[in-house]
Amino acid sequence: MRSLKPLLAVLYSCGFLAGFNENLMNMALVSVMDSFAVTAITAQWLVTGYMIAVAVVVACMAFLYRRFSLRRLFLAATLLNVVGSVGGLLAPSFVVLLLARLVQAMGTGVLIPLMMNVIVDRVPHGRLGTYLSIGGSMITVGPATAPVITGFLVSWFGWRSVFVVPLVAGLVLMAAGAAVVRNFKAPTAAAFDLVSVLLVAGGVTLLSMGLADIALRPLVGVAEMVGAVALLGGFAWRQKRLAEPLVSMAPFSFRSFWPAAIVVVVTMMTYFSLSVLAPLYFEEAAGLEASVAGLLMVVPVLANATAALLCGRVLDRRGEWPLLPAGLAIAAVGFATAMAGGAFDCFVAVVAGVLLGYLGTGMVLSPAQTAGLRRLPPSLNAHGVTLMSVSLQLSACLGPAAFVGLMSAGSARAAAAGASAGAASSAGFAWAMAAALAVVLLGVVCAVIYARAMAREDAQ
């Protein structure tokens, strides 16, 4: 383990940077909207489009992890991050900015599952919860920290300055990785299936578009979602019939895995949506400067990080019960509080709700991933990591698309009824929080059933 620590330190740092990049644009969306004269629905594609690209690359990671060496994958991923950061810094138009974000996303799509694969392959399973939770906290603290840092950067230097952070960090990590990242396994021959990639790319894109459109254009949104289900269903069907699938569906046959993936989807969807919606509320409804809105995220960030680090140890020692249900129950209270704050124009209630939402999701996200992965046979580790990472990225891109769409629709209805711009934004926020609360409550039910089943299995 001692020889593994320098490698893990670099990979954990890359996980933080990858997570940071996911929320890199949140505090800059309003400025980007003004700079390029685009709407909130268009601007949020800097978040959603990024996550779609990450999801597609992550879906390829079982193949990439087998086919290429650890060192080559690491250097390629960090180089993509640097190139994308330069592109964002210099982007002359919204289209170029979006393309730069997609290049960044390709690096992120490699770095996060690469870190998880190394942990699952090299760390004893009795300590898997602790080490995966450290990695998970880096992935979640990164996007939670991003609004704090980028809020000041946007206020002081403009939105382009946010790309300086991943540019400098990427160069430093590339240099550090060149010194410590060594190969511990030989690449093996693996088949790449382009049709599978196209199916998952089309499915995730249509699903994101459908969720964004459903509130404002219901028929269009439903049609897009039907197409998405067809494409993603085709992807899953094809994987079962390929001799060498892009990613094996076998982990879903384990009852210890698929319910954990559902809990991960619920947790990440609501957590990541809160990370997008809270800054929009603070700036548009409360009228705060981006720097002040970022400062308001400091305590929730610390709560999320502390919960993530502590609860990995709790999982190793005590298992899934009652950790997973308790975390989602706290998150549900947070979303209910934020919803009430938005509906009744109570700023303090919104801040308290955001804090509880961050705390509860921090308690669940990494432990739920560990719970699903630690019972898989070693031959399915890479595929399990890929499927869990795809679940993470799908929920991270679908959540903002759905909830920003709901917030925009709610704001439009309130404005049409005569509400002021701030009041309309607050009403839209409350509407989005109500939908998020419903999703979290379903997650609580799933977590209770799953955690009790795993407790009974461990007791036997």
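Helices here are DSSP runs of H or I with at least four residues, numbered from the N terminus. In this predicted model, helix α1 spans residues 5-22 and holds both F16 and F20, which sit four residues apart, or about one turn of the helix.

As for ring pairs, the count comes to 12 aromatic pairs. In the F16 and F20 pair the ring centres are 6.3 Å apart and the planes meet at 35 degrees, so this one goes down as tilted. W156 and F157 make an edge-to-face pair, with centres 6.4 Å apart and planes at 90 degrees. Both partners are out in the open: W156 is exposed at 59% relative accessible area, and F157 is exposed at 61%. Elsewhere, Y281, F282, F347 and F429 come together as one aromatic cluster.

Turning to the nonpolar core, the largest one takes in 147 residues, and M25, V32, L97 and I119 have the most contacts inside it. Helix α12 (residues 258-285) is the top contributor to this core, giving 15 residues. M25 touches V32 and L97, and its other contacts beyond four places in sequence include R101, W159 and F163.

Among the lining residues are M115, L132, I139 and Q369. By class, the lining has four nonpolar and five polar residues, and no charged ones.

Key
Residues numbered from 1 in each chain as written. Predicted model: local features only at pLDDT ≥ 70, side-chain atom pairs only at ≥ 80, totals over all residues. Heavy atoms only, no water. 1 Å grid on protein atoms, 1.4 Å probe; cavity = no way out; pocket = protein on both sides within 12 Å on 5 of 7 lines; lining within 4 Å. Nonpolar A, V, L, I, M, F, W, Y, C, P; charged D, E, K, R; others polar. Core = buried A, V, L, I, M, F, W, Y, C linked by side-chain atoms within 4.5 Å. Buried < 20%, exposed > 50% of the residue type's maximum accessible area, 1.4 Å probe, protein only. Helix = DSSP H or I, 4+ residues; strand = E, 2+ residues; numbered from the N terminus. Contact = heavy atoms within 4.5 Å. Phe/Tyr/Trp six-rings, centres within 6.5 Å; stacked < 30°, edge-to-face > 60°.
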